[in-house]
Amino acid sequence: MDATTEYLSDYACRLRDEDLSPEALHQVKRTLVDTMGCGAGAFDGEPASIARRAALRVRGNPPAHILGSAQQTSTDMAAFANTVLVRYLDCNDTYAARGTGHPSDMLPAVLAVAEGHKANGRAVITAITTAYEVFCRLADEVPLKGWDQGMFAAIGAACGAGKILGLDRVAMGNAISIAITTGVPLGVTRIGELSMWKGCATAAAIRTGVFAAELAADGMTGPGHAFEGRDGLWQHLGVDAPKWPRFGGEGEPFRITRTSFKAYPSVVHTQGPIGLVLELRGQIAAADVASVHVATYGDAVRRTASEAEKWDPKTRETADHSIPYLVAAAFQDGGVTPATFAPSRIQDPALRPLIKKLTVVEEPEFTRRYPAEACTRIEVTTTDGRRMAAETSHPKGHHRNPLTDAEIEAKFRGLASRALGRERCDRVLAEAWGLENAATLDGLFESLIVA
C-alpha cells in the first residue's frame with residue numbers, strides 16, 4: 001500500500017481506548033447528544049422517508065436499526081438512512097480547515113456496525129474518535145477542489161467501521177482504498193439551487209465506507225496506491241502527498257475537541273450573521289430597516305451569496321445556505337428554527353423586500369483570518385438615518401465559543417421533543433452521557449424509537 005494508506009491504517013489500528021484524553025471522551029458524548037437531536041428532529045423530513053423506504057427493502061445479517069424506528073436493515077443501509085436524518089436539518093457539527101465538512105455524519109456508520117456486532121460503549125467511543133481524527137486531519141491538509149466533503153467522510157467512516165470490526169492493518173488499508181476509490185461525491189452537489197441530495201451525498205459516501213470495511217473484513221483487496229499512484233487521489237486533486245503531523249494521542253490533542261456545534265439549523269457560514277441580526281434586532285424593527293450590509297470571509301460569500309439562487313431560494317436546501325434569506329428571516333421572525341424552512345415561509349413574498357435591502361461582501365482581512373476565526377460584521381441603517389453595527393469572530397457554538405453541556409441538551413430537546421416526547425428524550429440523554437458504561441447500543445436505539 002502507498003504511504004498515505006499505510007499511515008492512516010496504522011493509526012486507525014493502533015489507537016486504543018486508554019489513549020483517549022478525558023476531553024476527547026467527553027466531546028464524543030457531547031457530539032452524540034447533538035447528532036441524535038439532529039436525527040430525531042428530521043424524522044418527518046421527506047428525504048428521511050425516502051431513505052427509510054429504500055433501507056427497508058434490504059435485510060441485513062447482522063441487522064441494524066433505522067434511527068427512530070423499531071425496524072431493521074443492513075448495516076450499510078442503516079448508515080445511509082441514519083446519515084440522511086442527521087444531515088437533513090443542517091444542524092450537526094462542523095470542522096473548518098482547508099476542507100470543511102460535518103464529521104458527525106460518520107456517527108451513523110460507527111453506530112450501525114457497532115449495533116450489528118454488539119460492540120460496547122468504550123469501543124464505540126474509540127471508533128468515533130478514530131473516524132474524527134482521520135476526517136479532520138485530511139481536512140487540515142487537503143483542499144476539496146471541486147469535490148464534496150464525502151471525500152473525507154468515506155475514509156473516516158471506513159476507519160471507524162473497520163475499528164469496530166477489528167480489522168488488521170492490511171485489511172484496514174484495503175477498506176480505506178476501496179472507500180476512497182468508490183465514494184467521492186462531486187462538489188456540484190452544493191452549487192446553485194440545491195436539491196435534497198445536498199444532505200444525502202455524504203450519506204452515500206458513509207454507506208460506501210461501511211460497505212468497504214465489511215468487504216475488507218471478508219478479504220476483499222483494493223488498489224494498492226489509491227492516494228499516491230497514477231490516477232490516484234493526489235493526482236486528481238493536483239496536490240503533493242501531505243507530510244502528516246502527529247495524530248491525536250500521547251499528549252497530542254484529538255481533533256474532535258476542535259469541532260464546532262451549530263446554534264441554528266443552517267450552513268456554518270451563516271451562524272455569525274444570524275447571531276448578529278438577533279443581537280441587533282432588539283434595537284431595530286424590521287419595518288425600520290433601510291439597508292443591511294454584511295461583511296464576511298470569502299468562503300461564506302461564495303457559498304451563501306454569490307449565486308442568484310441564494311437571493312431567491314426555492315428549496316429548503318438552498319434557503320439554509322443563503323445569508324440573504326436567513327438574515328431577512330431572523331430580522332422578521334426573531335430566530336431561525338426548522339420552521340424557518342417550511343415551504344410557505346421560504347416562498348413568503350413578505351421576505352423579499354427585506355432581502356433586496358441586503359448587500360453581502362467579502363472582507364479581505366476576515367478571509368485572511370479564516371478558518372481559525374469566522375468573522376462577520378453587520379451594519380444596519382434605519383429609515384431615519386441611524387446606524388448600528390455588530391461584529392463577531394467566534395459565533396456561538398464555534399469551538400472557541402462553545403455551547404455548554406446544558407445548551408447542547410437544550411438544543412437536543414428543542415429538536416427531538418416533538419418526535420420523542422419528554423420521557424424518551426430523558427432516556428436518550430442518559431444513554432448518551434453514560435455511553436462508556438454501555439454493554440451494547442441496544443438501550444440507545446430503543447430510546448430513540450419515535451412513538
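What is the relative accessible area of Trp197, and does that make the residue buried, partly exposed or exposed?

Modeller: Trp197 has a relative accessible area of 42%, and it therefore counts as partly exposed; buried means under 20% relative accessible area, exposed means over 50%, and partly exposed lies in between, with a 1.4 Å probe and protein chains only. Please keep in mind that this is a predicted model, in which local features need pLDDT of at least 70 and side-chain atom pairs count only at pLDDT 80 or more, while totals for chains, interfaces and linings use all residues. Residues are numbered from 1 along each chain as its sequence is written, and side-chain values use heavy atoms, with hydrogens and water left out.

Trp197 sits in the loop between helix 8 (169–182) and helix 9 (201–217), where helices (H or I, at least four residues) and strands (E, at least two) are DSSP runs numbered from the N terminus. Once its neighbours within four places in sequence are set aside, Trp197 is in contact with Phe80, Thr189 and Ala204, a contact being heavy atoms within 4.5 Å. Pro47 lies 150 residues from Trp197 along the chain, yet their C-alpha atoms are separated by 8.4 Å.

Leu8 touches Val134, Ile155, Ile176, Phe227 and Phe247, when residues up to four places away in sequence are not counted. Ala430, by comparison, is placed in helix 18 (residues 405–433) and is exposed, with a relative accessible area of 52%; its C-alpha atom is 9.7 Å from that of Gly443, which is 13 residues away in sequence.

Among the helices, helix 2 (residues 22–41) has 20 residues and reaches 29 Å from its first C-alpha to its last, close to the 28 Å expected at 1.5 Å a residue, the expected span being 1.5 Å times one less than the number of residues. Helix 2 is mostly covered, as 17 of its 20 residues are buried. In helix 11 (271–281), the buried residues include Gln271, Pro273, Ile274 and Leu280. The buried residues of helix 11 pack against helix 14 (323–333), strand 5 and strand 6 (387–392).

The backbone has some details worth checking as well. A cis peptide bond joins Asn61 and Pro62, with omega at about 10 degrees, and Pro62 is found in the loop between helix 3 (46–55) and strand 1 (63–65). The peptide bond from Tyr370 to Pro371 is also cis, with omega near 10 degrees, and Pro371 is found in the loop between helix 17 (364–369) and strand 5 (376–382). Asp90 has a positive phi, near 50 degrees, in a residue other than glycine; it is in the loop between helix 4 (75–88) and helix 5 (107–116), and it counts as buried at 0% relative accessibility. Glu250 has a positive phi too, near 55 degrees, but this residue, in the loop between helix 10 (233–237) and helix 11, is exposed, with a relative accessible area of 72%.

As for the whole, the protein chain holds 19 helices and six strands, and 59% of its 451 residues count as buried. Along the principal axes, the C-alpha trace spans about 70 × 50 × 40 Å. Of the contacts with a separation of 6 or more, 74% come from residues 24 or more positions apart. The accessible surface comes to about 16900 Å², of which 51% belongs to carbon and sulfur atoms, as computed by the Shrake-Rupley method with a 1.4 Å probe, where for residues only the protein chains shown count as cover.
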